Amino acid sequence: MSELTLYSNPTPNGVAVTVFLEELGISYEAVGMSISDSDIGKVHNQVKSPWFLEINPNGRIPALVHKGFNVFETSAILLYLAAEFDKEHKFSFHPIESPKEYSVLLQWIFFAHGGIGPMEGQAGHFVNAAPEKIPYAINRYINETKRLFSVLETRLSKSEWLAGDKYTIADIKTHGWVRRAPNLKIDLAEWPHVKAWVDRIEARPATQKGVKIPVV
């Protein structure tokens, strides 16, 4: 087993970690995991398998194992990888030497983790997966997702990147979700600065590779 193993699936949460790993240029093993409930008890690499629950008790992807140390939750993984492998702070800020910049970074990571991810995820469920179309639920989560995109638009109209003048894990975390807006029939042209930001990130070689890992 590699010293660094990622258990994942190319979902919005999963690709944030693989994109960052590709940006870091470090060696890692990517293990594809099934997130399908129909595979529970049938497929070894399923997120509810007993062995995987030892790594991530929440039974979700992604999860990281580094030299026997387990990390779960996308944002926690990004912060861990930054602390361990981004010593020059190319994609992060030093929490002691640059406390204000580090705080801004955390604010936007938490904004994505607690806002965009859950709201867009629920919108995706009710639009694409729910067995019954419930207009109230669809409208609620689509409208909230759009409101959060407007918050991003305001920020990105003043700053090229979310945490300031450089591309960071705040952008990587948030992009994983925003890039999927077309799946909800949301046209990012409504937020031109957000669309330009997505296009800049999509053009990066690490992004182009990372969004396709792991193959499941």
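Trainee: Within what distance do the axes of α4 and α5 come, and at roughly what angle do they cross?

Mentor: This is a predicted model, in which local features need pLDDT of at least 70 and side-chain atom pairs count only at pLDDT 80 or more, while totals for chains, interfaces and linings use all residues. Residues are numbered from 1 along each chain as its sequence is written, and side-chain values use heavy atoms, with hydrogens and water left out.

The axes of α4 and α5 come within 8 Å and cross at roughly 150°. Here helices are DSSP runs (H or I, at least four residues) numbered from the N terminus, and axes are lines fitted to C-alpha atoms over the stretch in contact, with angles from 0 to 180 degrees between N-to-C directions. The two helices are therefore roughly antiparallel to each other, a term for angles over 145 degrees. Their crossing is left-handed, meaning that the near helix is turned anticlockwise from the far one by less than a right angle.

Contact means heavy atoms within 4.5 Å. The residues that make it include Trp-108, Phe-111, Met-119 and Phe-126 of α4, and Tyr-141, Leu-148, Phe-149 and Arg-155 of α5. By class, this contact has 16 nonpolar, 3 polar and 3 charged residues; Ala, Val, Leu, Ile, Met, Phe, Trp, Tyr, Cys and Pro count as nonpolar, Asp, Glu, Lys and Arg as charged, and the others, Gly among them, as polar.

Both α4 (99–129) and α5 (135–156) are among the elements that cover the buried residues of α6, as are α1, α3, α7 and α8. In α6 (residues 169–178), 10 of the 10 residues are buried, so this helix is largely enclosed by the rest of the structure. Buried means under 20% relative accessible area, exposed over 50%, and partly exposed in between (1.4 Å probe, protein chains only).

Arg-200 lies in α7 and Glu-160 in the loop between α5 and α6, so the pair ties together parts 40 residues apart in sequence. Arg-200 is partly exposed at 29% relative accessible area, and Glu-160 is partly exposed at 44%.

Key
Angles under 35 degrees count as roughly parallel, over 145 as roughly antiparallel, 65 to 115 as roughly perpendicular and the rest as oblique.
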